[in-house]
Amino acid sequence: MLDKIIFRLDQYEKLIRLDRPIGILLLLWPTLWGLWMAWRGVPDWRTALAFVMGTILMRSAGCAINDFADRNFDGHVERTKNRPLAIGAIKPWEAVAVAAVLAAFALVIAWIVLNAAVIKLAVIAFLLALIYPFTKRFLAIPQVWLGIAFGFGIPMAFAAVYGTVLTVGWVMLAASAFWTLAYDTEYAMVDIEDDRKLGLKTSALFFGRFDVLVIMLSYAAMLGIMGWVGWHMKQHWPYFSCLNLAAAVVVYHYFLIRKRDRAKCFKAFLHNHWIGLIIFVGIALDAWLFPAA
């Protein structure tokens with residue numbers, strides 16, 4: 001009996017990817033960029049905790065919905081063939097129920113701690129995350145939709161501080177979307193043959209032999225936009241130094257993905273955590289060393 005309970009809990013953990021936190025980190029870093037930039041320093045701990053918890057809950061809910069949407073495909077893909085729904089360890093309705101419960105918790109946190117503007121944006125963010133898994137059937141580049149969904153914590157952060165979203169918040173969302181397009185295309189390059197056989201749409205398939213070029217241009221767009229953000233927000237040398245360091249990591253990614261080796265493309269995808277962290281460190285250091293008046 002105990003073994004069955006442990007097995008079920010393990011399958012639920014895999015369903016919401018708590019065993020693979022890279023997705024949480026890739027969703028969390030842009031949110032923290034926005035929160036620290038909007039606050040112009042260290043935010044109130046209750047606000048910061050609400051955003052961190054909301055990010056974890058919404059990403060977990062998104063994974064459950066993703067597996068529900070892809071339940072008939074995952075078993076045919078080498079990387080995903082052992083996911084809980086693919087092997088029948090969890091029923092489809094359970095995945096939907098888990099997603100609903102997690103999203104409800106996230107909205108409750110937003111309702112208790114944050115303002116009405118954030119709650120409205122949180123509902124939009126949930127709908128974006130809910131629809132994303134199905135876009136692989138009809139959008140040529142579903143990574144664009146994912147980029148908007150993954151960066152939506154940025155306008156939410158500005159709304160939490162100002163009660164509305166400043167223009168710079170939307171601009172930062174665009175930067176985050178380009179970053180997502182870059183790293184999720186790296187991710188799509190890993191599954192490109194399986195996705196082609198299954199008839200799914202991805203940026204790697206759409207861009208074809210130009211995939212590496214598009215990835216590098218997307219990284220360049222992200223860094224360029226964040227450079228403008230730094231100028232607009234009057235950031236200092238810590239911020240721009242970290243942007244330069246992030247650019248150096250991007251160059252390293254080129255050497256990982258240029259031959260389209262699946263293992264190295266996946267390594268590059270995972271390595272994006274460091275890009276997000278480096279940019280956050282730049283924002284946080286700038287706020288610490290040069291506090292706003």
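Which helix gives the largest share of the nonpolar patch? That is helix α13 (residues 262-289), with 4 residues. This is a predicted model, where local features need pLDDT of at least 70, side-chain atom pairs count only at pLDDT 80 or more, and totals for chains, interfaces and linings use all residues. Numbering starts from 1 along each chain as its sequence is written, and side-chain values use heavy atoms, leaving out hydrogens and water.

View 1. W237, V281, L285, W288, L289 and F290 make a patch of about 610 Å² (residues with over 30% relative accessible area and no salt bridge, nonpolar side chains joined within 5 Å; a salt bridge is a Lys or Arg side-chain nitrogen within 4 Å of an Asp or Glu carboxyl oxygen; areas are Shrake-Rupley with a 1.4 Å probe). F290 sits in the segment after α13 and is partly exposed at 33% relative accessible area (buried is under 20%, exposed over 50%, partly exposed in between).

**View 2. Inside the largest nonpolar core.** Here, 73 residues come together, and W33, M172, Y219, M226, I275 and I279 touch the most other members (a core joins buried Ala, Val, Leu, Ile, Met, Phe, Trp, Tyr and Cys through side-chain atoms within 4.5 Å). Leaving aside residues up to four places away in sequence, M226 touches W33, M172, A175, Y239, L243 and I279 (contact means heavy atoms within 4.5 Å).

**View 3. Two loop residues with positive phi.** R17 and K234 each have a phi of about 60 degrees. R17, in the loop between α1 (2-15) and α2 (22-39), is buried at 9% relative accessibility. K234, in the loop between α11 and α12 (237-257), is exposed at 62% (helices are DSSP runs of H or I, at least four residues, numbered from the N terminus).

Conventions:
Buried < 20%, exposed > 50% of the residue type's maximum accessible area, 1.4 Å probe, protein only. Patch = residues over 30% accessible without salt bridge, like charges linked within 9 Å, V, L, I, M, F, W, Y side chains within 5 Å.
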